[in-house]
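Okay, thanks everyone, let's get going.

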Amino acid sequence: MKKVFSRPRSLKSTPFHYCAGCGHSIIHRVICEVIDELGIRGNTIGVPPAGCAVVAYNYFDVDMLEAPHGRGCAVATGIKRTLPDRVVFSYQGDGDLAAIGTAETFHAANRGENITVLFINNAVYGMTGGQMAPTTLLGQTSTTSPPGRNAILDGHPIRMSEILANLEGTAYIERVAVNSAQNILRAKKAVKKAFQYQIDGAGFNMIEVLSQCPTNWKMNTVDACRWVDEVMSKTFPIGVIKDTGKGRKDAD
Amino acid sequence: MSDKILIAGNWAIGEAAIRAGCRFYAGYPITPQNELTEYMAENMRRAEGGTFIQAESEIAAVNMVLGASAAGARAMTSSSSPGISLKQEGISALAADELPAVIVNMMRGGPGLGNILPSQGDYFQATRGGGHGDYRTIVLAPASVQELADLTMDAFDLADKYRNPVMILGDGMTGQMMEPVVFGKPRPRRYNEKYVLKGAGEGKSKFIRALILDALRMEEHNWKLVRKYRVVEQNEVRFETYKTGNARLIIIAYGIAARIAKGAINRLRDSGMKVGLIRPITLWPFPAQIIRDTAERIDRFLVFEMSTGQMIDDVKLALEGKGHVSFYGRPGGVVPTPAELAKAIVQEYRR
Amino acid sequence: MQIKTIFAGFGGQGVLMMGYSFAQAAMFEGFHVTYLPSYGVEVRGGTANCTVAVSNEEIASPVASQPDYLVVMNNPSLMSFQTRIAPGGAFFLNSSIITGRPNRSDVDIWGVPTAEIASELGNPRVQNVVMMGAYVKMTRIVSAESYLKSLKSILGTKKKAAMEINRKAFEAGFNYIE
């Protein structure tokens with residue numbers, strides 16, 4: 001009998017601590033599958049964030065260096081410049097990447113640092129208990145926007161992918177989702193392309209993943225997955241946002 | 001002496017760092033240490049495998065150093081007082097992760113933006129860790145450009161030896177002024193490569209992290225760090241004594257202030273007053289023992305700092321209530337002359 | 001022996017180079033030496049100064065509250081520093097543009113028309129080195145040979161022509177003053 005499904009080599013056997021229905025575990029697996037397929041496990045260094053994925057090193061079976069909150073892109077820059085032939089990725093949430101770490105993200109992108117950033121956008125601060133994130137949608141309730149995010153008081157949700165796409169240093173940016181089997185397959189393709197772009201020396205690349213957070217959205221998993229399609233992706237449209245084509249053509 | 005060159009303190013740090021094998025530097029412009037950043041921009045790119053990055057902020061710079069250090073590079077960042085405040089997050093992380101790094105602080109007047117003149121107001125910040133959490137950084141206080149060069153090389157060795165951040169605590173004046181320097185021969189780098197993240201290869205993957213959610217494990221890590229700090233305290237204390245032999249009053253000063261103190265002491269000795277100096281070279285670990293021992297013979301101490309009085313706390317702790325301690329302080333960027341200091345010493349001497 | 005000199009003028013007059021070349025010459029002769037430039041916002045206003053201390057023992061402070069010598073290339077610098085000079089010290093004034101006289105009777109005053117001398121040599125940019133000729137001669141801290149060696153190391157070996165005109169400037173200043 002042929003084995004058609006197994007745990008990726010780069011994924012440790014530790015059970016995930018994530019909430020039921022959370023997107024993180026899916027994304028972890030997707031990344032590990034890509035690392036295996038590209039044969040880069042021994043050559044990869046990851047940078048987990050402060051946030052729900054803070055203990056990502058318990059799951060990824062690759063070398064990892066924890067970054068202080070928001071500094072993933074700066075830490076990854078230091079690693080990559082020291083070891084340019086390694087594959088370096090940072091894994092960051094929306095508060096980490098688009099609030100406290102905006103400057104680090106923006107400037108790493110602008111310098112065209114040859115790193116891959118996995119940007120997990122779940123429109124909320126998950127680990128701290130559901131506060132308003134820079135990507136929280138207008139009208140969306142959170143523990144720090146109880147009546148719903150109000151543009152006048154709280155500002156608008158930030159589209160980091162579109163902003164970074166404007167910088168000369170970025171090679172490839174795509175927004176994906178992990179709320180359906182089809183989207184997960186697309187997400188995997190994008191992640192693989194991003195890593196391939198880095199291997200090819202294309203420059204800064206980022207995959208923004210719309211990730212369901214049933215716990216803090218106060219929904220069941222099915223509704224959360226539906227909400228990504230029906231609501232969240234209206235503000236954050238899925239698709240390729242920038243592709244300079246600097247990576248290998250067959251990376252798609 | 002063809003190898004003696006006249007060089008500014010900030011350049012001497014840069015040159016010494018590169019000679020010591022520093023291959024990663026990230027910094028952000030701030031006066032009075034821009035010459036160091038510029039020196040690294042010019043020369044680090046020429047060093048084999050050298051990286052220079054002008055970072056978007058002090059915070060980014062120190063976190064780049066964190067990454068470079070974990071990846072095995074001898075790494076350094078530098079700034080002046082307000083910028084060092086911003087770096088504390090990263091210094092705390094380096095200490096927690098037990099990663100080596102050298103951080104240079106060419107102190108200026110404060111608090112707040114203060115001014116850009118020489119000052120010693122960051123003593124507490126430097127010697128008490130500076131950022132959050134239970135940790136220490138090794139703090140070296142050079143008093144000349146030659147010492148800036150020597151201690152910079154030593155700083156990298158100490159950082160590797162103890163896998164701990166080491167701070168060079170200079171000031172605007174030692175950075176700006178030029179003096180003759182002979183660069184020493186750096187020792188070969190010795191460090192335990194096991195912690196370095198280079199990719200797992202075929203082996204087991206590693207991770208470096210500061211997050212330890214379990215209280216007992218966190219406590220264990222805290223005590224582990226303390227045991228390391230005890231070893232540093234035992235082995236690495238450095239100080240200089242100057243004319244303490246028959247002294248009746250001992251000045252305690254560090255860095256540029258200690259030089260001024262020597263000038264004042266020479267004047268006073270010329271007029272028959274028996275005054276000497278203890279100059280801490282490591283501010284942490286603090287040379288408490290020599291001060292305590294000196295108090296067996298001499299019971300009067302005058303602490304001179306270019307601040308409102310910070311090191312004086314360590315002097316009092318060292319003395320454990322023995323002797324009499326007075327203070328002369330000139331904060332805000334004022335660099336008193338040896339004559340001014342001598343006047344203050346005379347008052348105390350005649351009391 | 002400890003001698004402190006302040007070199008002052010406006011940006012572009014080569015004031016920092018004067019101090020540096022002298023400090024390096026003193027180092028060549030085996031003295032302890034410190035060179036301290038003014039820095040930061042202070043130098044953005046167009047004035048520049050530096051302090052050089054030379055001693056046969058360790059120098060306590062690179063700052064000169066009472067300099068022994070004051071080398072002044074323009075009027076504003078004379079106004080700023082003239083009260084600070086130590087009794088028995090000496091002024092070296094760029095008499096080409098400094099019209100006033102120091103209000104001090106307890107010091108020596110040497111005037112050197114650096115602009116005129118330099119233009120006779122055909123290069124107005126070497127005024128600072130003309131002044132250094134006079135300074136080195138009268139202060140006798142370093143020898144002319146040491147100073148020229150320092151100058152040569154600053155100009156580098158590639159610029160033979162530059163060294164030649166600077167040597168002439170130095171000699172002109174040196175010979176001007178008696």
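So, one thing before the details: this is a predicted model. Let me start with one pair you can find on screen. B:Glu89 forms a salt bridge with A:Arg71, and their closest N and O atoms are 2.8 Å apart. Between chain A and chain B there are two salt bridges. Here's another: A:Arg111 and B:Glu56 meet through their side chains, 2.9 Å from N to O. A:Arg111 lies in helix α4 of chain A, while B:Glu56 lies in the loop between β3 (51-54) and α3 (58-70) of chain B, so this pair joins two chains. Over all chains, by the way, the structure holds 42 salt bridges.

Let's zoom out to the whole contact between A and B. How many residues does each chain bring? It's 35 from chain A and 35 from chain B. Together the two chains bury about 2,600 Å², with 58% of that on carbon and sulfur atoms. Three residues to look for are A:Asp63, A:Leu65 and A:Glu66: they supply 21% of the area chain A buries against chain B, more than any other three residues.

Which parts of chain A are involved on the side that touches chain B? The elements giving two or more residues are β1 (44-47), β2 (63-65), α2 (72-82) and α4 (102-111). α2(A) gives the largest share, seven residues. By class, that side of chain A divides into 14 nonpolar, nine polar and twelve charged residues.

Now keep your eye on β2(A). Two bridges join β2(A) to β9 of chain B, residues 207-208, and these strands run parallel. If you look at A:Leu65, you'll find B:Ile208 of β9(B) opposite. On the chain A side, β2(A) is joined to β1(A) by two bridges, again running parallel. There, A:Gly46 has A:Met64 in β2(A) as its bridge partner.

Okay, on to chain C. Chain A and chain C do not touch, and their nearest C-alpha atoms are 27 Å apart. Two pairs of chains do touch, and the most contacts are between chains A and B. For the other contact, 19 residues of chain C meet 23 residues of chain B. Chain C and chain B bury about 1,800 Å² between them, 67% of it on carbon and sulfur atoms.

The count of salt bridges between chain C and chain B is one. That's C:Glu58 with B:Lys262, where the closest N and O atoms are 3.3 Å apart. On the side of chain C that touches chain B, α1 (15-28) and β2 (32-37) of chain C give two or more residues. β2(C) gives the most, with five residues. The classes on that side are 13 nonpolar, five polar and one charged.

A few local things before I stop. There are 23 aromatic pairs over all chains. Take A:Tyr18 and A:Tyr59: the ring centres are 5.6 Å apart and the planes sit at 50 degrees, so the pair is tilted. A:Tyr18 lies in the segment before α1 (23-38) of chain A, and A:Tyr59 in the loop between β1 and β2 of chain A, so the pair ties together parts that are 41 residues apart in sequence.

Then the backbone. A cis peptide bond joins B:Thr31 and B:Pro32, with omega about 5 degrees, and B:Pro32 is in the loop between β2 (22-27) and α2 (34-43) of chain B. The bond from B:Trp284 to B:Pro285 is cis too, omega near 0 degrees. And A:Lys218 has a positive phi of about 55 degrees although it is not a glycine; look for A:Lys218 in the loop between α8 (214-217) and α9 (221-235) of chain A.

Terms used
Residues numbered from 1 in each chain as written. Chains lettered and ligands numbered in written order. Predicted model: local features only at pLDDT ≥ 70, side-chain atom pairs only at ≥ 80, totals over all residues. Heavy atoms only, no water. Contact = heavy atoms within 4.5 Å. Buried area = accessible area lost by both parts, 1.4 Å probe. Salt bridge = Lys/Arg side-chain N within 4 Å of Asp/Glu carboxyl O. Helix = DSSP H or I, 4+ residues; strand = E, 2+ residues; numbered from the N terminus. Nonpolar A, V, L, I, M, F, W, Y, C, P; charged D, E, K, R; others polar. Pairing = 2+ DSSP bridges. Phe/Tyr/Trp six-rings, centres within 6.5 Å; stacked < 30°, edge-to-face > 60°.
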